[in-house]
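Good morning, and thank you for coming. I would ask you to look at the structure on the screen while I take you through it.

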Amino acid sequence: MPRFTISRHTGSKEGDHFDLMLEYGEALKTWRISSPAFQAKQPAHPIKDHRKTYLDYEGEVSGKRGKVEIWDSGTYAPEVWSDARILVALTGKQFKGRILLEAPADPAADWSLVDASSGLRKAAAAFLRGEPLEPAPTPELDQLRDALSVEERRVMAQIDLFVKGGPVHWTQAALNPELKRRIDADRLRWRHPWLDAARTFTQRLGELADLLLQYKPEAGA
């Protein structure tokens, strides 16, 4: 797998900053960033490609351009890599997750950089804080309640993998549409309040799954 390094660069004329370097071919694609705390969106200034030796280099930079020390390093999996958008899963010693780099409309402007999972993480936390689905009130609905529990565990497992930078099994990330049809059919013949709650729960879980699926790499990306 290709490697990445985030180096802290001090004493440069641009001021103290961090360099995000992604191994790409025979060089390191490099962006100057203010912080390796990716939760909040920040500008990422593209600078010239670095030599691969900087994956492991610490020390003085030639030309009295300060010094660098490695903040984190490891490997990464490229999931989207285009002129406009780069989504990669980093597995480092300190950071494990996905970052999203997006190019500006103006070629002279900075890119933007953010933890790709920050919005999904907040949405998952809000879902878990929401109204839980109560146990089924009748034996006839037990099977439906069990199926919804399975769906919840499956979707949340894939979200956990995404947040931690692991490989997502995208076929397991979508909500089973048959469950929505089944709930709607049951509601037509039996106006039980629990089915209304089940429908709301399924909608909320489906919205969460759809948010995750926005990051699914397109074929050939």
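Let me begin with a term. A residue is called buried when its relative accessible area is under 20%, and exposed when that area is over 50%. With that in hand, we may say that Ser118, Leu120, Ala124 and Phe127 are buried in helix α1. Please keep in mind that the model before us is a predicted one.

I turn to the overall layout. The protein has four helices and nine strands. Read from the N terminus, the order of the elements is β-β-β-β-β-β-β-β-β-α-α-α-α. The C-alpha atoms fill a box of roughly 80 × 30 × 30 Å along the principal axes. For a compact globule of 221 residues one would look for a radius of gyration near 17 Å, but here the value is 23 Å. Of the 221 residues, 43% are buried. Among contacts between residues at least 6 apart in sequence, 53% join residues at least 24 apart.

Next, the helices. α1 has 12 residues and spans 17 Å from its first C-alpha to its last, close to the 16 Å expected at 1.5 Å a residue. The cover over its buried residues includes β9 (111–115), α2 and α4.

Helix α4 has 21 residues, and from first C-alpha to last it reaches 30 Å, close to the 30 Å expected at 1.5 Å a residue. Which residues of α4 are buried? They are Trp194, Leu195, Ala198, Phe201, Thr202, Leu205, Gly206, Leu208, Ala209 and Leu212. These residues cover an arc of only 160° around the axis, and therefore lie on the same side of α4. They pack against α1, α2 and α3. On the other side of α4, Pro193 and Glu207 are exposed.

The C-alpha atoms of proline 193 and proline 137 are 9.7 Å apart, although 56 residues separate the two along the chain.

Now to the interior. In soluble globular proteins, nonpolar side chains tend to be buried together. The largest nonpolar core in this model has 33 residues, and the members that touch the most others are Leu144, Leu148, Ile159, Phe162 and Trp194. The elements giving two or more residues to this core are α1 (118–129), α2 (139–163), α3 (177–189) and α4 (193–213). Apart from this core lies another, of 18 residues, among them Phe18, Leu20, Ile86 and Trp111.

Phenylalanine 162 deserves a moment. Is this residue buried or exposed? Phenylalanine 162 has a relative accessible area of 0%, so it is buried. Leaving aside residues up to four places away in sequence, phenylalanine 162 touches Arg98, Ala116, Ser117, Leu120, Val168, Trp170, Leu212 and Tyr215.

My next topic is the aromatic rings. The count comes to eight aromatic pairs. In one of them, the rings of phenylalanine 38 and phenylalanine 95 have centres 5.1 Å apart and planes at 90°; planes over 60 degrees apart count as edge-to-face, and so does this pair. What parts of the chain does the pair link? Phenylalanine 38 is in the loop between β3 (27–33) and β4 (42–50), while phenylalanine 95 is in the loop between β7 (85–92) and β8 (96–102), so the pair links distant parts of the chain, 57 residues apart.

Tryptophan 170 has 15% relative accessibility and so counts as buried.

Valine 68 is found in strand β6 (residues 67–81). With a relative accessible area of 5%, valine 68 is buried. Not counting residues up to four places away in sequence, valine 68 touches Ser7, Arg8, His9, Tyr57, Glu58, Gly59 and Val61. Its C-alpha atom is separated by 26 Å from that of alanine 103, which is 35 residues apart from valine 68 along the chain. Thank you for your attention.

Conventions. Residues numbered from 1 in each chain as written. Predicted model: local features only at pLDDT ≥ 70, side-chain atom pairs only at ≥ 80, totals over all residues. Heavy atoms only, no water. Core = buried A, V, L, I, M, F, W, Y, C linked by side-chain atoms within 4.5 Å. Buried < 20%, exposed > 50% of the residue type's maximum accessible area, 1.4 Å probe, protein only. Contact = heavy atoms within 4.5 Å. Phe/Tyr/Trp six-rings, centres within 6.5 Å; stacked < 30°, edge-to-face > 60°. Expected span 1.5 Å × (residues − 1). Arc of directions from axis to C-beta. Rg over C-alpha atoms; globule rule 2.2 N^0.38 Å.
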